[in-house]
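Have a look at it first, and then we'll walk through its pockets, its metal site and its rings.

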Amino acid sequence: MDSINKLIELFREFPGIGPRQAKRFVYFLLSKNSGYTSEMSRLITDLRNKIHICESCFRFFPLNSSNAGVGRSATADLAKDHSPICQTCRDTSRDSKSLMIVSRDVDFENIEKTKAFGGYYFVLGGNLPILEKNPETKIRQNELLSCIEKRTPEGLSEIIVALDYNPEGEHTREHIENLIRKEPQFSTIKISHLGRGLSTGSELEYTDHDTIKNALRSRI
Ligand SMILES: [Zn+2]
């Protein structure tokens with residue numbers, strides 16, 4: 001397979017991209033100058049080298065000098081404790097009483113932009129497909145339970161399950177709530193989810209900020 005077709009195959013793996021769009025992407029890249037494609041190659045390589053997954057909320061974030069502390073490089077910081085923690089989880093001014101569970105990084109970003117929530121987050125890594133036999137391979141449910149266990153002594157009193165308002169999101173929400181409810185040590189934690197305003201089929205990634213704010217205010 002030549003480079004053009006190899007790249008078309010890679011683009012076809014992107015979410016929502018079909019063969020025609022994949023082909024258009026490749027020909028678009030061929031039409032750009034070498035500076036553009038070099039920059040793009042460098043940024044893609046950087047995704048692996050400079051973007052880390054937060055060990056607390058599991059979202060992706062750039063590990064830069066502000067994470068590393070004065071006088072130390074990001075790499076040294078990472079090598080020292082092997083536990084990169086994102087800026088949001090490091091922010092001690094946030095409300096440790098509430099934890100919001102979202103499916104994906106894009107949902108975190110969308111909700112954070114509304115400035116309507118001041119607690120901490122947990123990113124599940126997707127929704128749970130209906131009839132999935134091994135849920136722990138699809139979502140970070142064990143990591144979620146560890147996170148709740150860690151946050152409980154810090155005063156955690158409410159978990160807001162903020163997932164898509166569609167069949168997979170609802171299925172995931174029920175699964176998560178059952179999991180948490182099975183643990184007696186979490187029995188005093190209130191579990192709520194986004195309320196009115198979200199119409200059936202809504203994906204949080206595409207939901208406008210006012211609707212998210214209203215759904216958060218009227219959580220049930
Ligand atoms: Zn984090």
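Helix α3 gives the largest share of the lining of the second largest pocket, with three residues. The lining is made up of Ile44, Leu47, Arg48, Ile51 and Phe60, and by class that's four nonpolar, no polar and one charged residues. About 260 Å³ of space lies in this pocket.

Keep in mind that this is a predicted model, where local features need pLDDT of at least 70, side-chain atom pairs count only at pLDDT 80 or more, and totals for chains, interfaces and linings use all residues. Residues are numbered from 1 along each chain as its sequence is written, and side-chain values use heavy atoms, with hydrogens and water left out.

A few terms: a pocket is an open set of points on a 1 Å grid over the protein atoms alone, where a 1.4 Å probe fits, with protein on both sides within 12 Å along at least five of seven lines, and lining residues have an atom within 4 Å of a point. Helices (H or I, at least four residues) and strands (E, at least two) are DSSP runs, numbered from the N terminus.

The largest pocket holds about 300 Å³ of space. Closest to its centre, out of 13 lining residues, are Leu7, Phe11, Leu29, Met40 and Ile44. Here too α3 gives the most, five residues.

Now for the metal. The zinc ion has four protein donors (N, O and S atoms within 2.8 Å of the metal): the SG atoms of Cys54, Cys57, Cys86 and Cys89, lying 2.3 Å from it. Their angles run from 106 to 114 degrees, so the arrangement is tetrahedral (all angles between 85 and 135 degrees). Cys57 sits in the loop between β1 and β2 and Cys89 in helix α6, so this pair ties together parts that are 32 residues apart in sequence.

Finally, the rings. There are six aromatic pairs in the whole structure, meaning ring centres within 6.5 Å, and planes over 60 degrees apart count as edge-to-face. Here are two of them:

| Pair | Centres apart | Planes | Type |
|---|---|---|---|
| Phe11 and Phe14 | 5.2 Å | 65 degrees | edge-to-face |
| Phe108 and Tyr121 | 4.7 Å | 80 degrees | edge-to-face |

Phe108 is in helix α7 and Tyr121 in strand β4, 13 residues apart. Phe11 is buried at 13% relative accessible area, whereas Phe14 is partly exposed at 43%. Phe11, Phe14 and Phe25 form one aromatic cluster.

Notes. Donors are N, O and S atoms within 2.8 Å of the metal (3.2 Å for Na, K and Ca); water is not among the atoms, so sites may look incomplete. Four donors count as tetrahedral if all angles lie between 85 and 135 degrees; four count as square planar and six as octahedral if opposite donors are over 155 degrees apart and all others between 65 and 115; anything else is irregular. Grid points are joined across faces, edges and corners, and a volume is the space filled by probe spheres set on the points. Ala, Val, Leu, Ile, Met, Phe, Trp, Tyr, Cys and Pro count as nonpolar, Asp, Glu, Lys and Arg as charged, and the others, Gly among them, as polar. Rings of Phe, Tyr and Trp (its six-membered ring) pair if their centres lie within 6.5 Å; planes under 30 degrees apart count as stacked, over 60 as edge-to-face and the rest as tilted. Buried means under 20% relative accessible area, exposed over 50%, partly exposed in between (1.4 Å probe, protein chains only).
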